[in-house]
Amino acid sequence: MARPLTPLLSVERIAKSALALVDHSGEFTIPGLAAKLGVRPSSLYNHVSGRAEIVELMRGLASDHIHLPHHGSDWYATVTEICRQYRNSYARHPRLIPLLTAYPVSHPATTRMYNLLAEVLTDAGFDPVEVLKAITTLDSFVLGSALDVAAPEVVWTPGGQAGPALAAALATPPPSTQQRADEAFDYGLRIVMNGLAQQLDAIQRRTAHH
């Protein structure tokens with residue numbers, strides 16, 4: 001019998017098939033992935049070490065859509081653009097995000113983004129402790145905003161339990177799900193970035209006094 005022209009399995013095919021399962025149901029299993037690929041579960045281990053590696057490969061697929069800006073002199077604009085790219089890329093696969101939080105980041109594509117963030121923040125004047133805090137804060141906000149894209153059209157249904165303030169907010173004209181998510185992201189990103197700018201100003205004032 002002639003051998004197939006292309007191998008039945010590859011790392012890329014495994015990752016893309018796993019991501020398709022996650023996009024559909026929010027989860028994947030090794031037996032389920034093997035069934036989707038038409039192979040035995042043991043065959044997967046000829047290409048990947050296990051579930052953790054598959055999750056990182058999926059992280060890499062999501063990160064591949066991030067178009068990193070050049071390291072410009074305007075740290076505020078550069079970090080803002082990184083966050084926009086990060087959020088838009090991961091918003092393509094919102095159901096993947098809960099899986100990613102259970103595993104440490106190691107994929108090169110994602111690490112490149114974090115390297116750039118750290119370099120830009122450091123050059124702006126943040127010390128290493130502040131850089132880590134800033135990246136962690138940005139990470140939490142961006143991933144939460146990407147996950148919000150998968151929220152239902154009607155997010156809150158408190159009924160009669162809503163107080164006057166919440167009821168008034170919910171009575172405002174409802175945008176589309178995408179518009180609501182986009183506007184909330186823009187609003188929150190400005191707040192986070194302005195907070196970082198204020199923090200940097202405080203750091204520079206402290207430095208000037210010593």
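Trainee: Does Trp 75 count as buried or exposed?

Mentor: Good place to start! This is a predicted model, where local features need pLDDT of at least 70, side-chain atom pairs count only at pLDDT 80 or more, and totals for chains, interfaces and linings use all residues. Residues are numbered from 1 along each chain as its sequence is written, while side-chain values use heavy atoms, with hydrogens and water left out. Because its relative accessibility is 14%, and under 20% relative accessible area means buried, over 50% exposed and in between partly exposed (1.4 Å probe, protein chains only), Trp 75 counts as buried.

Trainee: How many aromatic pairs does the whole structure hold, and which geometry does the pair of Trp 75 and Tyr 76 have?

Mentor: Rings of Phe, Tyr and Trp (its six-membered ring) pair if their centres lie within 6.5 Å; planes under 30 degrees apart are stacked, over 60 edge-to-face, and the rest tilted. A search of the whole structure finds four such pairs. In the pair of Trp 75 and Tyr 76, the ring centres are 5.8 Å apart and the planes meet at 65°, so the geometry is edge-to-face.

Trainee: How many residues apart in sequence are the parts tied together by Trp 75 and Phe 126?

Mentor: These two rings also pair edge-to-face, at 5.6 Å centre to centre and 80° between the planes. Helices (H or I, at least four residues) and strands (E, at least two) are DSSP runs numbered from the N terminus. Trp 75 belongs to helix H5 (residues 75-90) and Phe 126 to the loop between H7 and helix H8 (128-148), so the parts they tie together lie apart in sequence by 51 residues.

Trainee: Which residues do the ring pairs link into a cluster with Trp 75?

Mentor: Phe 126 is buried, as is Trp 75. Ring pairs join Trp 75 into a cluster with Tyr 76 and Phe 126.

Trainee: How many helices and strands does the protein chain have, and what is its radius of gyration?

Mentor: The count is 10 helices and zero strands, and along the sequence the pattern reads α-α-α-α-α-α-α-α-α-α. The radius of gyration is taken over C-alpha atoms, and the globule rule is 2.2 Å times the number of residues to the power 0.38. For 210 residues that rule gives 17 Å, so the chain is more spread out than a compact globule, its radius of gyration being 21 Å.

Trainee: What box do the C-alpha atoms of the protein chain fill?

Mentor: Of the 210 residues, 39% count as buried. Taken along the principal axes, the C-alpha atoms fill a box of roughly 75 × 55 × 25 Å.

Trainee: Which residue forms a salt bridge with Arg 51?

Mentor: A salt bridge is a side-chain nitrogen of Lys or Arg within 4 Å of a carboxyl oxygen of Asp or Glu, and the structure holds seven of them. For Arg 51, the closest N and O atoms of its bridge with Glu 27 are 2.7 Å apart. Arg 51 lies in helix H4 (residues 51-63) and its partner in the loop between helix H1 (11-25) and helix H2 (30-37), so parts 24 residues apart in sequence are tied together by Arg 51 and Glu 27.

Trainee: Over the face of which residue does Arg 51 lie?

Mentor: A charge sits over a ring if NZ of Lys or CZ of Arg is within 6 Å of the ring centre and within 35 degrees of the ring normal. Arg 51 is itself partly exposed, at 27% relative accessible area. At 4.6 Å from the ring centre, Arg 51 lies over the face of Phe 28.

Trainee: How far apart are the closest N and O atoms of Asp 148 and Arg 180?

Mentor: Asp 148 is partly exposed at 21% relative accessibility, whereas Arg 180 is buried at 16%. In their salt bridge, the closest N and O atoms are apart by 3.0 Å.
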